[in-house]
Amino acid sequence: MDQWRLEREIEAYYERGGERERLLKNARGRLEFTRMQDLLRRNLPGPGLDVLDVGGATGVHAAWLAADGHRVTLVDPVASHVAVAAELPGVEAKTGDARDLPCENDSFDAVLLMGPLYHLTDRDQRVRALREARRVARSGGVVAAVTINRTAGWCDWLLWNAEGTAHSISAAESLRTLKEGDLRYFEQDVFTTAYLHHPGEVAAEFADAGLADPVQYAVQGFPGYIPQLEAVIDDQEARDHLLEGLRVLESEPSLLGASNHLMTVAALPA
Ligand SMILES: C[S@@+](CC[C@H](N)C(=O)[O-])C[C@H]1O[C@@H](n2cnc3c(N)ncnc32)[C@H](O)[C@@H]1O
């Protein structure tokens, strides 16, 4: 476990406790939550599954997965996350790292990596995490991973400036993340160390981990960046219209990278 210690600034960022509220506190969080839930429900290979949520934080997704009738195990390296998740009904929570999962071979029908891949800035370590996910997944199961798109740092910067959100990231740094993908927001409120992928890079990392022919989905799509998102999300008719359109566009190849998050799902042969 020590060999795979989380970078200190990532740990310090999460120990501030922001994950408890992140997906509830505003329209962007609520859209992310709704779309992740919709995509997972459509990609899980049946009811009553053994689901492993790696990097599951305080259990925001583990909670509804357990309520849906799945047996959920959550693994996260941040002790305060695991302590909160361990209180959730139907969820077993363990401290651990995506690169060295504390789990038996072939023991889960679905393995979710909704966090670890973007916090591993070294490609070999991301492939290692995906190999671990494949190791613990059963035949006929799925591995689903979420990444942050290369465009996200730059689009967020434009949005923060338009909305007046406090941050101290320079325009030059935001452009650098767009060119290089290496996001290092040390000591910042807005986020922490991460790697921002192009969609094709994620598919290549899946292939190198033995996860063939994955399907990719733009989670929020480009409408996730509209400044008036609150008004859309709070109006049922407008929200349904948005969600229906996002389903139509979600796997359009030319738009996969124009979304804050991307979900990549590989089905293992039965
Ligand atoms: C932004 S949070 C996402 C939480 C939740 N999965 C979601 O989708 O909302 C990223 C999570 O990844 C976890 N994480 C970061 N590096 C990890 C690693 N190497 N192995 C496992 N989890 C990791 C963090 O502790 C944090 O809980």
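Reader: Is G164 buried or exposed in this model?

Author: G164 has a relative accessible area of 61%, so it is exposed; the cut-off for exposed is over 50%. The model is a predicted one. G164 belongs to the loop between α7 and α8.

Reader: Which class does L158 fall into?

Author: L158 has a relative accessible area of 41%, so it counts as partly exposed. L158 is part of helix α7, residues 152-163. Together with W154 and L175, L158 makes a nonpolar surface patch of about 250 Å².

Reader: How should I read a pair of aromatic rings?

Author: Two values describe such a pair: the distance of the centres and the angle of the planes. In the whole structure, a search finds 3 aromatic pairs. For Y13 and F191, the ring centres are 5.7 Å apart and the planes stand at 85 degrees, so this pair is edge-to-face. Y13 sits in helix α1 and F191 in the loop between β6 and β7, so the pair ties together parts 178 residues apart in sequence.

Reader: Are Y13 and F191 buried or exposed?

Author: Y13 is buried at 14% relative accessible area, and F191 is buried at 17%. F191 also pairs with Y118: the centres are 6.3 Å apart and the planes at 50 degrees, so that pair is tilted. Y118 lies in helix α5, residues 116-119.

Reader: Which residues do the ring pairs link into a cluster?

Author: The cluster consists of Y13, Y14, Y118 and F191.

Reader: Where is T147 placed?

Author: T147 is in strand β5, residues 137-149, and is buried at 0% relative accessibility. Beyond its neighbours within four places in sequence, T147 contacts residues including Y118, H197 and N260.

Technical notes. Residues are numbered from 1 along each chain as its sequence is written. This is a predicted model: local features need pLDDT of at least 70, side-chain atom pairs count only at pLDDT 80 or more; totals for chains, interfaces and linings use all residues. Side-chain values use heavy atoms; hydrogens and water are left out. Patches are made of residues with over 30% relative accessible area and no salt bridge: like charges are joined within 9 Å, nonpolar side chains (Val, Leu, Ile, Met, Phe, Trp, Tyr) within 5 Å. Accessible areas come from the Shrake-Rupley method with a 1.4 Å probe; for residues, only the protein chains shown count as cover. A salt bridge is a side-chain nitrogen of Lys or Arg within 4 Å of a carboxyl oxygen of Asp or Glu. Helices (H or I, at least four residues) and strands (E, at least two) are DSSP runs, numbered from the N terminus. Buried means under 20% relative accessible area, exposed over 50%, partly exposed in between (1.4 Å probe, protein chains only). Contact means heavy atoms within 4.5 Å. Rings of Phe, Tyr and Trp (its six-membered ring) pair if their centres lie within 6.5 Å; planes under 30 degrees apart count as stacked, over 60 as edge-to-face and the rest as tilted.
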